[in-house]
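My entries follow in the order in which I made them.

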Amino acid sequence: MSTNILIDSVVSWEMPRLQLYTKQDWEENVDEIAKEWKITKAILTNDFKAELGESIVLRRKDQKVTLLGLGDTKSFKKIEDAVRSHVFKSKDKMGKAYIIDLHCLTHKLHKIIDPIISGILLGHYMLKGIAPQVDIHLDIPKKNKGKIILAIEDAKKVAEAKMWTMYLVDTPSNIIDPQGFADEIEAKSNDFGFDATTFRSREGLKTLGLHAVLAVNAGSSNLPSFSILEYTPKKPITNIAFVGKGVTFDTGGVSIKGSQNMHWMKCDMGGAAAVAGAIAAIASLKLPIAVTGFIPATDNMVDGSSVKPGDIIQSHSGKTIEIIDTDAEGRLCLADGVSFASKMKNFEHIVDIATLTGSSVMTLGYEAGALFSNNDETAELITKSSDVSDEKVWQLPLWDEYAKGIQSDIADVKNYPGNPAAGAITAAKFIQAFVPEKTKWAHLDIAGVAFGANGYGKDRNATGYGVHLLMEFAKQVIKNNQ
């Protein structure tokens, strides 16, 4: 990584200095700051109140410091974004080396160090080109220094996993195609500390029984891939599985999408990228839980051999599927993925995640992912994980009445009801049809939150959503088993 975080006490004024304050810490230190910088308290408090994202520059002779407010929020995302936004907008002025002074965060530093570190690193994330080498010197308090250093190291690991996820989503599909995705997973497995097994041929996927994935891939000149990511500590408390939709580009197939925003469809593997990033983070942190990730990767293209509306295809579970809409392809990949996972091992929980439906965006906008589950415990653990990670989810129903939408006259199920009503729910019901009855399962539809206009580029770009959520879910499962 080109951004280095160095923990030292640098007093040089030759480097730019950024000093962070919560509102409480600012109120307790403002007298001293006013005296040190020879500014009246009245003027200083009028110009800077340490509100979230607020900044001010103080100068005296050849010395300068920038103050950045963190407000009084406990929100991970708000703190992360406040720091990231400031670093992103100021990085050219800050140059190749600068100091971040955390000395005044006396009350909440141990609680907010994670989003601060994440914000710093994400502020240097580049959408194109190679990021220049930057040395960031952290000046931290002596009190609890050992614990703070450990927290910083852990936060760096998670941020690095998140940036990998963002890179996977942001990179064009001619580079991260199904084989390129498998290449990335294999290349990063040693760095993050997980094992990777990849299948890279149609014959290999056919042998595994991934017939629905192969149906999606039928119109493509690119070979599909199926990656299994495994992290197994010495004494795991339990085991869980993640399944991610890895459609590296989605034209919609024969049911082709409109051309206006099709270039955004490089992001349709956001769920798979989140799975890869989450396992990378979990492995880096050496959490005492075994986690397996399943990533069926393909693109969905238009060709004479493409699957067509009205076709009947096979699936890993043995159930037949009537194709109504070839643009409802992600659920086909997940159907095979969750079926494969459930038969591979008796996982305590299986969670699938996907940029699946526009319906979830129409329901929840760009603020939250849609959560579906057949198990109250699994749903509750994900909700708690959402509260901690601040990657929001909202649970929607899986009532039996919605299963009518996927009933078929000529196959076991059909992949689309034929109309968009309750689209996110009927998609979840379709996936549920491939989940064994007693399996604790959840489905996360992240179409509105994995990729968006967030101010860190001229167009839409990856958010990294799902990495922190799934990592925190693993932690919650650990707590639940202790």
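**Entry 1: N239.** I looked up N239 and found it in strand β9 (helices, H or I, of at least four residues and strands, E, of at least two are DSSP runs, numbered from the N terminus). I noted that the model is predicted, that local features need pLDDT of at least 70 and side-chain atom pairs pLDDT 80 or more, while totals for chains, interfaces and linings use all residues. Residues are numbered from 1 along each chain as its sequence is written, and side-chain values use heavy atoms, with hydrogens and water left out.

N239 has a relative accessible area of 18% and is buried (buried is under 20% relative accessible area, exposed over 50%, partly exposed in between, with a 1.4 Å probe and protein chains only). I then listed its contacts (heavy atoms within 4.5 Å), leaving aside neighbours within four places in sequence: A290, K345, N346, F347, E348 and H349.

**Entry 2: β14.** β14 covers residues 349-354, and six of the six are buried, so the rest of the structure largely encloses the strand. In a regular strand the side chains alternate between the two faces of the sheet.

Which strands pair with β14? I count a pair where DSSP finds at least two bridges between two strands. Strand β9 (residues 239-244) runs parallel to β14 and is joined to it by five bridges. Strand β18 (residues 441-445) also pairs with β14 in the parallel sense, over five bridges. I353 of β14 stands opposite G244 and also opposite L444 in β18.

**Entry 3: β8.** I looked up strand β8 (residues 225-231) next. Six of its seven residues are buried, so β8 too is largely enclosed by the rest of the structure. Strand β7 (residues 195-199) runs antiparallel to β8, with five bridges between them, and D195 stands opposite E230 in β8. β8 also pairs with strand β11 (residues 290-300), in the antiparallel sense over seven bridges. There S225 has A297 of β11 as its bridge partner.

**Entry 4: a three-stranded sheet.** I traced an open sheet with the order β12-β13-β17 and mixed pairing. β12 (312-313) and β17 (413-414) are at the edges with a single partner strand each, so one side of each has no neighbour in the sheet. β13 (residues 321-322) and β17 run parallel and are joined by two bridges. The bridge partner of E322 in β17 is K414.

**Entry 5: R84.** Is R84 buried or exposed? I found R84 in helix α3 (residues 76-94), and at 6% relative accessibility it counts as buried. Not counting residues up to four places away in sequence, R84 touches G119, L122, G123, Y125, M166 and Y456. I also took the C-alpha separation of R84 and P224, which is 36 Å for 140 residues along the chain.

**Entry 6: positive phi.** Most residues other than glycine have a negative phi. I noted K61, where phi is positive, near 50°. K61 lies in the loop between β3 (55-60) and β4 (63-69) and counts as exposed, at 88% relative accessibility. A422 also has a positive phi, near 50°. A422 is in the loop between β17 and α13 (423-432) and is partly exposed, at 31% relative accessibility.

**Entry 7: the whole chain.** The chain has 14 helices and 20 strands. Its radius of gyration is 24 Å, close to the 23 Å of the globule rule for 482 residues, so the chain is as compact as a globular protein of that length (the radius is taken over C-alpha atoms, and the rule is 2.2 Å times the number of residues to the power 0.38). The C-alpha trace spans about 80 × 50 × 40 Å along its principal axes. Buried residues make up 59% of the 482 residues. Of the contacts with a separation of 6 or more, 75% are between residues 24 or more positions apart.
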